[in-house]
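Hi,

Here is the structure I said I would pass on.

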Amino acid sequence: MKTIQDYLTDPRMLNDPDMAAALEPVKEIHAARLMIQDETAGMTAAEKAAYHKKNAAALFSDLGLPLPEYVNLSGQGKLKPRQPVTQ
């Protein structure tokens, strides 16, 4: 598995003239985006959701924080418009 440092020397980064002129934090963010793009290439939406949920759980665990509670709002239908209040 490639690291952010590996992606900073990736040809996609080195051959991009805008990245050559960018500040270092911008380069690191772009490298992280390339890494995620490569790791999730070919995944279905459900697989990507599971991937990001697993990484979020690892981050919360590393920080010693409780895991977030996810809410599933699917299947509730469309929102119903409210009637305007008249006085």
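There are 3 salt bridges in the structure, counting a side-chain nitrogen of Lys or Arg within 4 Å of a carboxyl oxygen of Asp or Glu. Asp-10 takes part in one with Lys-2 (3.1 Å, N to O) and in another with Arg-12 (3.1 Å, N to O). Arg-12 also pairs with Asp-38, at 2.7 Å, N to O. That last pair ties together parts 26 residues apart in sequence, because Arg-12 lies in helix α2 and Asp-38 in helix α4. Through shared partners, Lys-2, Asp-10, Arg-12 and Asp-38 form one network.

As for burial (buried is under 20% relative accessible area, exposed over 50%, partly exposed in between; 1.4 Å probe, protein chains only), Asp-10 counts as buried at 8%, while Lys-2 is partly exposed at 37%.

A caveat: this is a predicted model, with local features needing pLDDT of at least 70 and side-chain atom pairs pLDDT 80 or more, while totals for chains, interfaces and linings use all residues. Residues are numbered from 1 along each chain as its sequence is written, and side-chain values use heavy atoms, leaving out hydrogens and water.

Now α4, residues 24-39 (helices are DSSP runs of H or I, at least four residues, numbered from the N terminus). Lys-27, Ala-31, Leu-34 and Met-35 are buried there.

Cheers

Terms used
Helix = DSSP H or I, 4+ residues; strand = E, 2+ residues; numbered from the N terminus. Expected span 1.5 Å × (residues − 1).
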